[in-house]
Amino acid sequence: MRLAWLLSPLLLAGAFALPAAAEVPVQGYEVVRDYPHDPKAFTEGLFYRDGRMFESTGQNPAGIREVRLEDGAVLRQRIIDPAYFGEGIIDVGDKIISLTWRNHLGSVWNRDDFAPVSAFSYPGEGWALTRDDRRIIMSDGTAELRFLDPATLRETGRITVTADGVPVRNLNELEWVEGEIYANIWQTDRIARIDPETGK
């Protein structure tokens, strides 16, 4: 697998899953570089921070890992219980926050050694995470995005994502890019650009 999508926040201008008569503009993209990547990794979340790429995998095995961008080499990893399907991750300070799909369980890890710090729970499914400078943003497979307090990991609010008034479901891997939320729409080749205040 090649990670042409890895830098999607920088390379892609988003698009939406829309009704036929939609007024939302659809934009194109240009691939400017691609990187090698483990073809067996079931990638569910990733972020790039301080020259390091961190990735969560859903299965075979599920866990979190640090990957060298240039050649795709796995530098270290933390495997989680195979009963869990790993989902989105994001960093907050020197910690990594991760989700599981249907177990209603998230984890907090030390970023430097992947040692477990704590766990937290949430209702519904866990799909993806990103953050702005004051809150964590979480998707759960619905058309809603949740806002979490980074200190307590408790929900502080939600927005419903819409395109021309129609809810957009299956919001997956999230990225925060220049004041907007980017979300892959699962099982499509589209990226949605979302206003974090209105959900449009």
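This is a predicted model: local features need pLDDT of at least 70, side-chain atom pairs count only at pLDDT 80 or more; totals for chains, interfaces and linings use all residues.
R146 sits in strand 11, which spans residues 144–148. Is this arginine, R146, buried or exposed? R146 is buried, because its relative accessibility is 3% and the cut-off for buried is under 20%. Its side chain has polar partners. One is the backbone oxygen of P123, which lies 2.9 Å from a polar atom of the R146 side chain. Another is D140: the side chains of R146 and D140 make a polar contact of 2.9 Å. Leaving out residues up to four places away in sequence, R146 touches Y122, P123, G124, E125, I136, I137, M138, D140, E155, G157 and R158.

Two residues on that list, E155 and R158, also pair with each other. Their side chains form a salt bridge with an N to O distance of 2.5 Å. E155 is partly exposed, at 37% relative accessible area. R158 is partly exposed too, with a relative accessible area of 37%.

**Nonpolar cores**

The largest nonpolar core has 20 residues. Which members touch the most others? They are I96, I97, F120, L129 and I136. Strand 5 (86–92), strand 6 (95–100), strand 7 (105–110) and strand 10 (136–139) each give two or more residues to this core. Strand 6 gives the most, with 3 residues.

F120 has its own set of contacts. Beyond neighbours within four places in sequence, F120 is in contact with I97, S98, L99, H104, L105, G106, S107, V108 and L153. Another core lies apart from the largest one. This other core has 15 residues, including L174, I181, A183 and I194.

**Salt bridges**

The structure holds 16 salt bridges. Three of them are tabulated here.

| Pair | N to O distance | Accessibility |
|---|---|---|
| R68 and D71 | 2.8 Å | R68 36%; D71 39% |
| D91 and R111 | 3.3 Å | D91 and R111 both buried |
| R158 and E155 | 2.5 Å | R158 37%; E155 37% |

R68 counts as partly exposed, and so does D71. D91 and R111, in contrast, are both buried. The D91 and R111 side chains meet at 3.3 Å, N to O. D91 lies in strand 5 and R111 in the loop between strand 7 and strand 8 (116–121), so the pair ties together parts that are 20 residues apart in sequence. This pair also belongs to a network: salt bridges link R49, D91, R111 and R131.

Strand 15 is joined to strand 16 by 5 bridges. Within this pairing, W176 has I181 of strand 16 as its bridge partner. Strand 16 (residues 180–185) is joined to strand 17 (residues 191–194) by 4 bridges. There, I181 has I194 of strand 17 as its bridge partner. I181 and I194 are also members of the core of 15 residues.

Strand 16 and strand 17 form a hairpin with 5 residues between them. In the turn, Q187 has a positive phi of about 70°.

Most residues other than glycine have a negative phi, and most peptide bonds are trans. Some places in the model depart from this pattern.

The peptide bond joining N60 and P61 is cis, with omega about -5°. P61 is in the loop between strand 2 (52–57) and strand 3 (63–67).

H104 has a positive phi, near 60°. H104 is in the loop between strand 6 and strand 7. At 38% relative accessibility, H104 is partly exposed. H104 is also one of the contacts of F120.

D164 has a positive phi of about 55° without being a glycine. D164 is in the loop between strand 13 (162–163) and strand 14 (166–167). Its relative accessibility is 40%, which makes D164 partly exposed.

Note on methods: Residues are numbered from 1 along each chain as its sequence is written. Side-chain values use heavy atoms; hydrogens and water are left out. Buried means under 20% relative accessible area, exposed over 50%, partly exposed in between (1.4 Å probe, protein chains only). A polar contact is a pair of N or O atoms within 3.5 Å; within protein, one must be able to donate a hydrogen and the other to accept it, and residues adjacent in sequence count only if both atoms are side-chain atoms. Contact means heavy atoms within 4.5 Å. A nonpolar core is a set of buried Ala, Val, Leu, Ile, Met, Phe, Trp, Tyr and Cys residues joined through side-chain atoms within 4.5 Å. A salt bridge is a side-chain nitrogen of Lys or Arg within 4 Å of a carboxyl oxygen of Asp or Glu. Two strands pair if DSSP finds at least two bridges between them.
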